[in-house]
Amino acid sequence: MARVIQVQEGAQVISRTSSEDMSSANGLCVKLDAAGTVGIAASATADLIIGICVDGGAASGDLVSICVMGMCKALAGTAINEYEAMTCTTGGRVIDTTTPGNYLVGQAMEAAASGDYFDVLVGGGHVRYAATS
């Protein structure tokens, strides 16, 4: 049984058709592909990260619910520091980033250890991290 991902009241959740089995994708970063379907994001620089999967489908072609704005739980791929900018790593897990050009999924609202579910404030997609001087 898939883990139920909590979404805070007021968060924006959309549904899209999946391009792959996403039955184990809850809490992972989701990408949008050229066909308009979604899958598990695996690259911080190549995948258009649109949000966090909160209810994955069992098979390719199923509808998937994605938190695109607001607070939800995400699965940490590394140790996470509170208030850091978040992107994805291989397998869709969420990691912090300070690398210019990485697509961002949001901001960590609490610290977490690798493998933990933690609160992320998901921000509007297609934003890249920019270096500051």
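Two strands count as paired if DSSP finds at least two bridges between them. Keep that in mind for the first stop; what you have open is a predicted model.

**Stop 1: E6 and E8.** Select strand E6 (85–88) and strand E8 (103–108). E6 and E8 run antiparallel to each other, paired over two bridges. Click on Ala85 and look across: Gln107 in E8 stands opposite. While E8 is still highlighted, check how covered it is: five of its six residues are buried.

**Stop 2: the nonpolar cores.** Now show side chains for Cys29, Ile52, Val94, Val105 and Phe118. These have the most contacts inside the largest nonpolar core, a set of 20 residues.

**Stop 3: Asn26.** Head for the loop between strand E1 (12–17) and strand E2 (29–32), where Asn26 sits. Is Asn26 buried or exposed? Its relative accessible area is 6%, so Asn26 counts as buried, the cut-off being under 20%. Zoom in on the Asn26 side chain and bring up the backbone of Asp55 and Gly56. A polar atom of that side chain lies 2.8 Å from the backbone nitrogen of Gly56. For Asp55, the backbone nitrogen is 3.5 Å from a polar atom of the Asn26 side chain.

Terms used:
Residues numbered from 1 in each chain as written. Predicted model: local features only at pLDDT ≥ 70, side-chain atom pairs only at ≥ 80, totals over all residues. Heavy atoms only, no water. Core = buried A, V, L, I, M, F, W, Y, C linked by side-chain atoms within 4.5 Å. Buried < 20%, exposed > 50% of the residue type's maximum accessible area, 1.4 Å probe, protein only. Helix = DSSP H or I, 4+ residues; strand = E, 2+ residues; numbered from the N terminus. Polar contact = N/O pair within 3.5 Å; in protein donor to acceptor, adjacent residues only side chain to side chain.
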